[in-house]
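Here's a quick tour of how this chain is put together. Have the model open while you read.

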Amino acid sequence: MTRPVRVGVIGLGAIGQSLLKALTADPDVQVAAVCDVQGALAEATAQPLAASAWSDHRRMLAGVDLDLVYVAVPPRYHHAVALDVIAAGRHILCEKPLALTLNEAQDLHRAAQAAGVVHALNLPLHRDPGIETFRRLAQEEHLGTLRRGELTLVFPQWPRAWQHNPWIGGREQGGPIREVGPHLLHVILATLGPVGRVWAHTEYPAGDPAACETAAFGTLELAGGPLVTVSCLTNLPRPEQVSFTLYGSAGTAGLVNWAQPVAAAGEAPLEPVSVDAPRVPAGTRLVQALVRRVRGEPADLVDFSMGVRIQALLDAWERSSDAGTWVDVTPT
Ligand SMILES: NC(=O)c1ccc[n+]([C@@H]2O[C@H](COP(=O)([O-])OP(=O)(O)OC[C@H]3O[C@@H](n4cnc5c(N)ncnc54)[C@H](O)[C@@H]3O)[C@@H](O)[C@H]2O)c1
């Protein structure tokens with residue numbers, strides 16, 4: 001009988017706990033070790049799982065026989081912790097954004113490739129049936145020639161109610177562009193191809209240089225020419241909005257509420273489109289794909305190369321905001 005894939009989890013905050021549910025629900029996975037610098041949190045999480053608890057990830061990597069390690073620490077620590085995981089020869093799932101800077105992200109990708117380990121990023125919209133339906137509607141047969149894209153993010157409060165932690169409202173690691181942006185930048189890159197240039201403008205609260213943005217606007221110029229406008233607003237008395245619309249010469253295709261596809265022909269109003277396939281929870285899909293890849297079987301994962309491409313867009317966004325001009329996206 002094939003033995004379960006032995007998994008270790010580093011970082012047991014909001015998202016670490018969330019993916020742990022999908023990991024423990026999969027009969028092909030054994031969560032063998034969990035780690036958090038908050039030792040009591042590691043102990044409390046480990047106990048019902050019969051896993052070992054650690055407060056130092058290096059000691060966990062040296063002390064436990066693991067196949068795969070999930071890195072769910074805040075972005076500032078992704079680079080150092082993920083490098084240790086890769087150096088220990090473990091397959092790795094890392095949270096998004098892959099790192100804090102483009103250099104760090106490239107470094108992680110190179111290290112993972114050199115070590116020959118499976119490397120994956122947790123982007124739950126990947127292979128979501130609603131996104132797949134949208135991608136079908138985004139083809140020329142429906143849209144005609146793509147004229148413009150429009151990404152709209154509105155958060156009634158930032159940090160959002162479910163994700164309060166010391167870094168999410170900070171400029172260094174947090175803010176909606178870094179935190180939510182990667183999900184939609186992934187959809188844009190996977191659906192429309194590379195972005196060549198970025199223009200961005202970011203607004204920060206006056207008098208608090210450490211706080212993240214309250215608003216951001218920008219334009220992504222696709223390598224083929226069309227423009228995608230981006231608008232991100234926070235702390236307004238409106239419901240959360242995460243929507244993406246593609247306007248073509250013959251029709252419109254979009255996503256509302258993250259992953260619900262909508263479409264229209266010509267000038268007709270946008271209507272919801274039923275999703276092509278049944279929805280399986282994102283964590284379940286991801287864990288099943290990881291198990292297959294760790295066992296040497298084919299499976300579709302977002303790997304660190306996409307993490308680097310997303311990081312190059314975040315990097316260009318930041319450079320453009322600082323410079324006040326268009327900037328080229330660094331080729332990856
Ligand atoms: N994929 C998604 O949909 C999604 C959603 C939310 C957050 N995230 C990402 O997940 C990561 C974590 O986010 P969160 O909201 O769970 O953060 P969090 O702050 O709630 O949790 C992070 C945990 O890591 C622990 N930690 C910090 N440094 C550590 C270290 N060196 N070793 C071990 N533990 C350490 C902290 O004590 C904390 O418990 C971030 O990169 C975030 O961007 C991804």
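## Two domains

The protein chain splits into domain 1 (5-124 + 281-301) and domain 2 (129-280 + 311-328), with bounds from an automatic or database domain assignment. Their centres, taken over C-alpha atoms, sit 27 Å apart. Domain 1 puts 17 residues into the contact and domain 2 puts in 15, where contact means C-beta atoms, placed from the backbone, within 7 Å. On the domain 1 side, helix 5 (102-115) and helix 10 (282-294) each give two or more residues; helices (H or I, at least four residues) and strands (E, at least two) are DSSP runs, numbered from the N terminus.

One caveat: this is a predicted model, so local features need pLDDT of at least 70 and side-chain atom pairs pLDDT 80 or more, while totals for chains, interfaces and linings use all residues. Residues are numbered from 1 along each chain as its sequence is written.

Nine strands form an open sheet with mixed pairing, in the order 14-13-12-11-7-10-9-8-15; pairing takes at least two DSSP bridges between two strands. Strand 14 (271-272) and strand 15 (327-328) are the edges, each with a single partner strand, so one side of each has no neighbour in the sheet.

Strand 11 (residues 241-248) and strand 12 (residues 251-256) run antiparallel, joined by four bridges. Leu246 has Ala253 in strand 12 as its bridge partner.

Definitions and conventions. Contact = placed C-beta atoms within 7 Å.
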